[in-house]
Each structure stands twice: as C-alpha cells, then as structure tokens.
Amino acid sequence: MVMDTSARPDRPAILPTFAPVPDLDQAAYDRMADSVRSLLGIDLSQYKPAQVWRRVNGFATAKGLPDPDALVAKAKQDAVLKQAFLDMLTINVSEFFRNPEAWDMLVEKYLKPMLRSQPTVRIWSAGCSLGFEPLTLSMLAHEIAPNVPVKILATDLDETILARARQGSYTEAQMAGVSPARRARFFRQVDKNWQATPELQAPITWRRHDLLRDPYQQPFDLICCRNVVIYFTETAKTDLYTRFRDSLRPAGILFLGATESIPNVRSIGLLPAGSTFYQRP
Ligand SMILES: C[S@@+](CC[C@H](N)C(=O)[O-])C[C@H]1O[C@@H](n2cnc3c(N)ncnc32)[C@H](O)[C@@H]1O
C-alpha cells in the first residue's frame, strides 16, 4: 500500500449561504457576467447560471453587500475583494492525496505500470490550485520509480494561486494528508511552514492556462482534472473531455474527482476504467 492513511476525507467545496437566495434575475446575471469577464477574465457563459447566481449572492451577503451589482462595484475599487471574488468563483479548495482511495487505485492500476514500462512519463494536473495535486504526483513518482524521468505540467486559471504554488510552502494544517515519512523525505521545515524540496518540485512546470479558452498540449500519459468543472455547463464539460481525449496518448488515463463522471463517455471516445478513471482506447 503506497497511500498515507492519515489523509482527511474529501470535503465539498461549497460556500455556505445563510441568507435566502433571490431567484435568478437574467438581466442582473448578464450584467454581472459582463463585469466578471472584464474584471476577472472568466467567461461565465460556460458555467451553470443557477449555481453561479447562488454562489455570487451568498458571497455578496457574506461580504455585507446587498446584491451582485454592489459586489462588482466594490470589487472594482478593492483589490482584496477582487481576489476573494476570483477565489470564490474558481474554488481553489484542495489538499494533498485528496480522496486517498482514488490515489491508491491510480498507483496500483496505472501509475506503477506506466512508470515501469515507459522511458518517460508525462502528466498534466489541470486546475492544480495551490499545487497539492502535482506535488502528490511528484511524491508518488519519486517513490515508485525515482530514476524514470517524469514531467508534470501544472496549470491553473488563477495567476495568484499559481504564484503561491510555485513557492511550495505549506502550513501545518495544509500538510494534514502527508505522513511523517513523506514530510521527512520531501519537505523541510522553515519556521512554522513546510517547504517542498527542490527534488520534489523539479518535475513540475507551472503555467497559467484557461481550460475553456486556451489550446491543450499533448501527448500525456495521465491527465488529472479533479474538482475543477463542477460549475461548467454540460456542453462545456463534453467539449473539455473531448479535448482531454485528444491530448492523451493511446491507453492514456483521465483521472477525475471523486464525485465526477462522464455520462456519455463512449460517444466521446473514452472507456470507463474504474470509478473516476477513463482511458483512451
Ligand atoms: C477545487 S480546485 C481543485 C484542485 C485540485 N485539482 C483538487 O482536486 O484538489 C479547482 C481549481 O480549478 C481552477 N479552475 C477553475 N476554472 C478553471 C479554468 N477554466 N481553467 C483552469 N483552471 C480552472 C481554479 O482556479 C481552482 O484552483
């Protein structure tokens, strides 16, 4: 067993809303979507409006603002609120070894065979947030096959999150999923935080990338896109999974979040390969 059993169970990345949410007002939604595009660079046309409306209203209420119009107006003047608004829309909740049983399966069924049979392994962590996922992949690769060259492309829409991910520094609370043995091998304690070693960071290339707008690189042996598409429309998700298929090598694996699945999987040219895994034939 490769996995660390002390990892915490998954938590839903849902912002609590305590006030009743007003019905979707299309004109107000369109105004907000226009502002979000120009202010934050996010195209909400590919997000589910009802969920976005609920989250934005909940966020506005939590910030003491009466509605999304007031939120947008204040975010234009207030850089801290603007960043919090972006963080809320993109939901960057993450952790090391998120859903440990899924990582166990990845290791035993796919990662070990890949690392033991191929000269080089290329992995994409799409929507990598603060870097927990690419660093989890790097730890596993070092443990399974330290001499096999592994390249991990770690991308996210949010430049601020990526800047923090590049620093590789994590608080004690953020390290909850990492065992003492792994901390000792892959991290150094600096003041109260844990700093990822250069060895752990070496396979990772960090890059800003919008999954809804930017071209996809290829080929990859493994693509991890976990807990990123929750609020995307069904059309946007189908388009994204089709593009992931094209970016995978034959027999390459797509690894999704614990609550995610692809209903029309065969029609987009992927095969189910166990709980949240899909394979390019
Ligand atoms: C909940 S985190 C998931 C992190 C990690 N994959 C995990 O499962 O723990 C979602 C991440 O997706 C990113 N994201 C949201 N929309 C995106 C898009 N269109 N393109 C790229 N990244 C996006 C967010 O910025 C956020 O960091």
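The structure holds 1 cavity of 30 Å³ or more. Keep in mind as you look around that this is a predicted model.

**Stop 1: the cavity.** Select Thr90, Gly127, Asp156, Asn227 and Val228, which lie nearest the centre of the largest cavity among the 26 residues that line it. Helix H4 (79–90) and strand S2 (150–156) are the elements that give two or more residues to this lining. The space inside the largest cavity comes to about 400 Å³.

**Stop 2: the cysteines.** A disulfide is a covalent bond between the sulfur atoms of two cysteines. How many disulfides does a search of the whole structure find? The search finds 0. Select Cys128 to see an example: the nearest cysteine sulfur belongs to Cys225 and is 11 Å away. Cys128 counts as buried because its relative accessibility is 1%. Move on to Cys225, which is in no disulfide either, with the sulfur of Cys224 as the nearest cysteine sulfur at 9.0 Å. Cys225 is also buried, with a relative accessible area of 2%.

Stop 3: Most residues other than glycine have a negative phi, and most peptide bonds are trans. Here are some exceptions to visit.

- Select Gln218 and Pro219: a cis peptide bond joins them, with omega about -5°. Pro219 sits in the loop between strand S6 (204–208) and strand S7 (220–225).
- Select Ser129, whose phi is positive, near 50°. Look for Ser129 in the loop between strand S1 (121–126) and helix H6 (132–144). Buried or exposed: which is Ser129? Ser129 counts as buried, at 6% relative accessibility.
- Finish at Ala251, where phi is also positive, near 75°. Ala251 belongs to strand S8 (residues 248–256), and it is partly exposed, with a relative accessible area of 42%.

Technical notes: Residues are numbered from 1 along each chain as its sequence is written. This is a predicted model: local features need pLDDT of at least 70, side-chain atom pairs count only at pLDDT 80 or more; totals for chains, interfaces and linings use all residues. Side-chain values use heavy atoms; hydrogens and water are left out. On a 1 Å grid over the protein atoms alone, a cavity is a set of points where a 1.4 Å probe fits but cannot get out, and a pocket is an open set with protein on both sides within 12 Å along at least five of seven lines; lining residues have an atom within 4 Å of a point. Grid points are joined across faces, edges and corners, and a volume is the space filled by probe spheres set on the points. Helices (H or I, at least four residues) and strands (E, at least two) are DSSP runs, numbered from the N terminus. A disulfide is a pair of cysteine sulfur atoms within 2.5 Å. Buried means under 20% relative accessible area, exposed over 50%, partly exposed in between (1.4 Å probe, protein chains only).
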